[in-house]
Amino acid sequence: MIESLLVANRGEIARRIIRTAKRLGVRVIAVHSEADAGLPFVTEADEAVCVGPANPAQSYRNTEAILAAAKSTGAQAIHPGYGFLSENADFARTVEASGLIWVGPGADAISAMGDKINARNLMAAAGVPVAPGTTDPAADLDAAVVAAAEIGYPVMVKAAAGGGGMGMGVAVDESALRTEYDKVRSFAERMFGDGSVLIERYFPRVRHVEVQILGLADGRVVALGERECSVQRRNQKLVEESPSPAVSPELRERFLAAAVRAGEAVGYRNAGTVECLLDPTTGEFFFLEMNTRLQVEHPVTELVYGVDLVEEQLRVAAGLAPTFDPDALTPRGHAIELRINAEDPKRFLPGPGAITAWVEPTGEGVRVDSGYVDGNTVTPFYDSLMAKLIVSGATRAEAIDRAKAAVAAFELSGPKNNLPFFAELLENPEFLSGDYDTGIVSRMR
């Protein structure tokens, strides 16, 4: 096993990685910004290094400072968590060129799947279903208009280098396309340094379902079930559950087989997620993107499959066999994750501030992965995620009942938060039925 690990991240995911690493006897080094010096992950690590001011570009995305911290502390490996540098192929290459172990997929896989057009084409060649769309970037507005006419309206206009629900727009006709194309291209150039735009079919009613994969040290790729991620605001997830209430045993078999083919097509190693769109009317699903990292929502898979995905990541990176039998993966029960964000529960606008009360719920089937404690301050510099409330039960109904009780018991004051939204959602007939789609939040608002 790896002996020392630098966690190049912050908040709840840093604490999550630290918890498993320390259980395995691994010495852990945290890096932090000046703004995060008082957060729990800093004190829970065996050693901590400040890598810059609050601005992520000068701290959590500061590759030179992070590599210098790894060298000065004698770290053997780097785990990037999610976000920040986790899907930066150049950073992954630099880490390995420095003689360190990169806890994640290879840089080539990150590069291959980082461009949405390239990823679509690779998946189509591997026999993974893809939605009708462009196989090359729409070079200009005229090319986008031609492509949209061939695909058929409505269409999704997407930044080829985008991610996390950013850089996307829907066009219902040519007039809207002309507006959205310029908007998405401008945003993509500003945010990603790449203005490439793709056009693909937009499904007015769709579910967002993803599959957790793990590329093992021996070269095999295995799938650990699917997660339903259709409760979203601004194309960003708020709730995930596993298994998906929309997926039958036959459909699950097809989903998992396609995800394994996707991983094999790029020689995937370590943890990753194959995200798909599911048409609930026809039962057809289409590749959306592959996230070449650990997902925010990985705990629901852990609870249903009884594995620690961070431990498995470390084992793959060290060249070790998994703790489970890849041929005998058996899901049990149901799990739901609620993302507790510092945002108002109506419009979902950020609401940072000092935490004046923080008491996490406890009880059977209740897990909280948090980045804060009472007395900390949620600053405006980073993502609004404060904690993840994960519940599990023998059935979906039992998991929902436990989620209701846990939301009611979570004492949180100071920053604005979305706990009231979850209390509303967990009583919503559409959600309770399991027959919902990505439009559920807008219908609630």
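A helix axis here is a line fitted to C-alpha atoms over the stretch in contact, and the angle between two axes runs from 0 to 180 degrees between N-to-C directions. Keep that in mind for the helix pair further down. One more thing before we start: what you're looking at is a predicted model.

**The whole protein**

Let's begin with the overall picture. The protein has 15 helices and 20 strands. Along the principal axes, its C-alpha atoms fill a box of roughly 60 × 50 × 45 Å. How does its radius of gyration sit against that of a compact globule? For 445 residues a compact globule would come out near 22 Å, and the protein has 21 Å, so the two agree.

As for what's inside, 56% of the 445 residues count as buried. Look at the contacts with a separation of 6 or more, and 65% of them come from residues 24 or more positions apart.

**A pair of helices**

Now for that helix pair. Two packed helices are described by the angle between their axes and the distance between the axes. Helix H3 covers residues 63-73 and helix H4 covers residues 89-97; their axes come within 11 Å and cross at roughly 25°. Angles under 35 degrees count as roughly parallel, and H3 and H4 are therefore roughly parallel to each other. The crossing of H3 past H4 is right-handed.

Which residues make the contact? On the H3 side they are Thr63, Ile66 and Leu67, while H4 brings Phe91, Thr94 and Val95. Sorted by kind, that's four nonpolar residues, two polar ones and no charged ones.

Most residues other than glycine have a negative phi, and most peptide bonds are trans. Here are some places in this model that go the other way.

| Residue | Backbone feature | Where to find the residue |
|---|---|---|
| Pro154 | cis bond from Tyr153, omega near 0° | loop between helix H7 (141-151) and strand E6 (155-159) |
| Pro243 | cis bond from Ser242, omega near 0° | loop between strand E11 (236-242) and helix H9 (249-265) |
| Asn270 | positive phi of about 80° | strand E12 (residues 270-278) |

Are Asn270 and Phe348 buried or exposed? The cut-off for buried is under 20% relative accessible area. Asn270 has 1% relative accessibility, so it counts as buried. Phe348, at 5% relative accessibility, counts as buried too.

How values were computed:
Residues are numbered from 1 along each chain as its sequence is written. This is a predicted model: local features need pLDDT of at least 70, side-chain atom pairs count only at pLDDT 80 or more; totals for chains, interfaces and linings use all residues. Side-chain values use heavy atoms; hydrogens and water are left out. Helices (H or I, at least four residues) and strands (E, at least two) are DSSP runs, numbered from the N terminus. Angles under 35 degrees count as roughly parallel, over 145 as roughly antiparallel, 65 to 115 as roughly perpendicular and the rest as oblique. A crossing is left-handed if the near helix is turned anticlockwise from the far one by less than a right angle, and right-handed if clockwise. Contact means heavy atoms within 4.5 Å. Ala, Val, Leu, Ile, Met, Phe, Trp, Tyr, Cys and Pro count as nonpolar, Asp, Glu, Lys and Arg as charged, and the others, Gly among them, as polar. Buried means under 20% relative accessible area, exposed over 50%, partly exposed in between (1.4 Å probe, protein chains only). The radius of gyration is taken over C-alpha atoms; the globule rule is 2.2 Å times the number of residues to the power 0.38.
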